[in-house]
Amino acid sequence: SLLVQAVLAVAWLKAGDRFDATAFAAASFSSMAPFISDQFDTLKDVIFGGLCWQSPHVFMKIVGVLSWLYLLAIHARIFWLSVARKAST
């Protein structure tokens, strides 16, 4: 999907404009590097939940709360598994 996004971005450039040769590599690295992307994904999920919560629609508020609950549950599970793994060794 990153390649498709890059192709579309280049296709929408005005005549004479161009991206730096390293732009795609930098964007790919920053979105796929585990030590960078996980924190950004969590932040984006928290922001998404906040935006949903600010919506005047009840359904969107529910989606936002479910997003936050999912984040809490998945991080609790990861924490629990790491504690259990350390206790068993």
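**View 1. The whole chain.** The protein chain has 4 helices and 0 strands (helices are DSSP runs of H or I with at least four residues, strands are runs of E with at least two, and both are numbered from the N terminus). Along the sequence the pattern reads α-α-α-α. This is a predicted model, in which local features need pLDDT of at least 70 and side-chain atom pairs count only at pLDDT 80 or more, while totals for chains, interfaces and linings use all residues. Residues are numbered from 1 along each chain as its sequence is written, and side-chain values use heavy atoms, with hydrogens and water left out. The accessible surface comes to about 7,500 Å², and 73% of that belongs to carbon and sulfur atoms (Shrake-Rupley method, 1.4 Å probe; for residues, only the protein chains shown count as cover). Of the 89 residues, 12% count as buried (buried means under 20% relative accessible area, exposed over 50%, partly exposed in between, with a 1.4 Å probe and protein chains only).

**View 2. Confidence along the chain.** The average pLDDT is 81, and 83% of the residues score at least 70 (pLDDT is the predictor's confidence in each residue, from 0 to 100). Helix α2 (residues 23-32) has the lowest confidence, at a mean of 70, and α4 the highest, at 90.

**View 3. Helix α4.** This helix has 31 residues and reaches 45 Å from its first C-alpha to its last, close to the 45 Å expected at 1.5 Å a residue (the expected span is 1.5 Å times one less than the number of residues). Gly-64, Ser-67 and Leu-71 are buried in α4. An α-helix has 3.6 residues a turn, so residues three or four places apart point the same way.

**View 4. Around Ser-67.** Ser-67 lies in helix α4 and is buried, because its relative accessible area is 13%. Apart from neighbours within four places in sequence, Ser-67 is in contact with Asp-45, Phe-48 and Gly-49 (contact means heavy atoms within 4.5 Å).

**View 5. A nonpolar surface patch.** Val-46, Trp-53, Val-58, Ile-62, Val-65, Leu-66, Trp-68, Leu-69 and Leu-72 make a nonpolar patch of about 850 Å². Helices α3 (34-53) and α4 (58-88) each give two or more residues to the patch, and α4 gives the largest share, 7 residues. Patch residues have over 30% relative accessible area and no salt bridge; like charges are joined within 9 Å, and nonpolar side chains (Val, Leu, Ile, Met, Phe, Trp, Tyr) within 5 Å. A salt bridge is a side-chain nitrogen of Lys or Arg within 4 Å of a carboxyl oxygen of Asp or Glu. Trp-53 is in helix α3 and counts as partly exposed, at 44% relative accessibility.
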